[in-house]
Amino acid sequence: ESEFPRRLGFSSLPDSERGFAVDGLITLHELRELHSIPLPQSLYYSTLAGFVLDKMGRIPSAGDYVDYDEWRFQVVEMEGNRVKELRIDPLKTAPLD
């Protein structure tokens with residue numbers, strides 16, 4: 001069990017038009033079960049933060065993002081080297097740079 005408090009998302013579940021925020025420690029299994037977002041499994045990560053770190057290949061900063069499949073995963077808040085919070089937006093409605 002993690003020493004960090006868990007916040008899995010806002011009170012309403014996302015739909016195809018609206019983004020939402022999650023704790024970086026949400027597991028890929030929880031993300032798939034709670035929000036219907038399937039991401040590839042790996043021996044190297046089990047959380048959304050780990051997935052983003054793996055795809056970026058570096059420690060991100062707030063505002064950095066990864067686009068994967070139909071989704072944008074944007075770092076909202078860092079705590080040291082830990083991805084504390086991410087925002088998930090459908091790519092068709094993700095903010096433009």
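Okay, before anything else, one definition: when I say contact, I mean heavy atoms within 4.5 Å. That's the sense in which one element covers another in what follows.

So, this is a predicted model. The chain averages a pLDDT of 85, and 77% of the residues score at least 70. Where pLDDT is low, the predicted coordinates should not be read in detail.

Now the layout. We've got 2 helices and 4 strands, and reading from the N terminus the order is β-α-α-β-β-β. Of the 97 residues, 39% count as buried. The chain exposes about 5,900 Å², with carbon and sulfur atoms supplying 50% of that. And if you take contacts between residues at least 6 apart in sequence, 33% of them join residues at least 24 apart.

Let's go to α2. Which of its residues are buried? Leu48, Ala49, Gly50, Phe51, Val52 and Met56. And what covers them? The cover includes β1, α1, β2, β3 and β4. Just after the helix, Gly57 takes a positive phi of about 75°.

The largest nonpolar core has 21 residues, and the ones with the most contacts inside it are Leu48, Val52, Phe73 and Ile88. The elements giving two or more residues are β1, α1, α2, β3 and β4. Out of these, α2 gives the most, with 5 residues.

Take Leu48 as a way in. Skipping neighbours within four places in sequence, Leu48 is in contact with Val22, Gly24, Ile26, Leu28, Leu31, Leu39, Phe73, Leu86 and Ile88.

Buried or exposed? Leu39 is buried, with a relative accessible area of 8%, and the cut-off for buried is under 20%. Beyond four places in sequence, Leu39 touches Leu28, Leu31, Leu48, Phe51, Tyr68 and Phe73. If you want a distance to check on screen, Leu39 and His29 are 8.8 Å apart, C-alpha to C-alpha, and 10 residues apart in sequence.

On to the strands, with β4 as the one to watch. Why call β4 largely enclosed by the rest of the structure? Because 7 of its 9 residues are buried. β4 pairs with β1 through 4 bridges, antiparallel, and one of the pairs there is Asp23 with Glu85 in β4. β4 also pairs with β3, again antiparallel, through 8 bridges. In that case, Trp71 has Pro90 in β4 as its bridge partner. β3 and β4 form a hairpin with 2 residues between them, and Gly80 in the turn has a positive phi of about 65°.

Since backbone angles have come up, here's the background: most residues other than glycine have a negative phi. Two residues here go against that. Ser36 has a positive phi of about 55° and is not a glycine. Ser36 is found in the loop between α1 and α2, and at 57% relative accessibility it counts as exposed, the cut-off being over 50%. Then there's Asp69, also not a glycine, with a positive phi of about 55°. Asp69 is in the loop between β2 and β3, and it counts as exposed too, at 55% relative accessibility.

Last stop, Asp64, in the loop between α2 and β2. What does its side chain make a polar contact with? The side chain of Arg58, at 2.9 Å. Setting aside neighbours within four places, Asp64 is in contact with Met56, Arg58, Phe73, Gln74 and Val75. Two of those names we've met already: Met56 is one of the buried residues of α2, and Phe73 is among the residues with the most contacts inside the core.

Key: Residues numbered from 1 in each chain as written. Predicted model: local features only at pLDDT ≥ 70, side-chain atom pairs only at ≥ 80, totals over all residues. Heavy atoms only, no water. Core = buried A, V, L, I, M, F, W, Y, C linked by side-chain atoms within 4.5 Å. Buried < 20%, exposed > 50% of the residue type's maximum accessible area, 1.4 Å probe, protein only. Areas by Shrake-Rupley, 256 points an atom, 1.4 Å probe, with all protein chains shown as cover. Pairing = 2+ DSSP bridges. pLDDT = per-residue confidence, 0-100. Polar contact = N/O pair within 3.5 Å; in protein donor to acceptor, adjacent residues only side chain to side chain.
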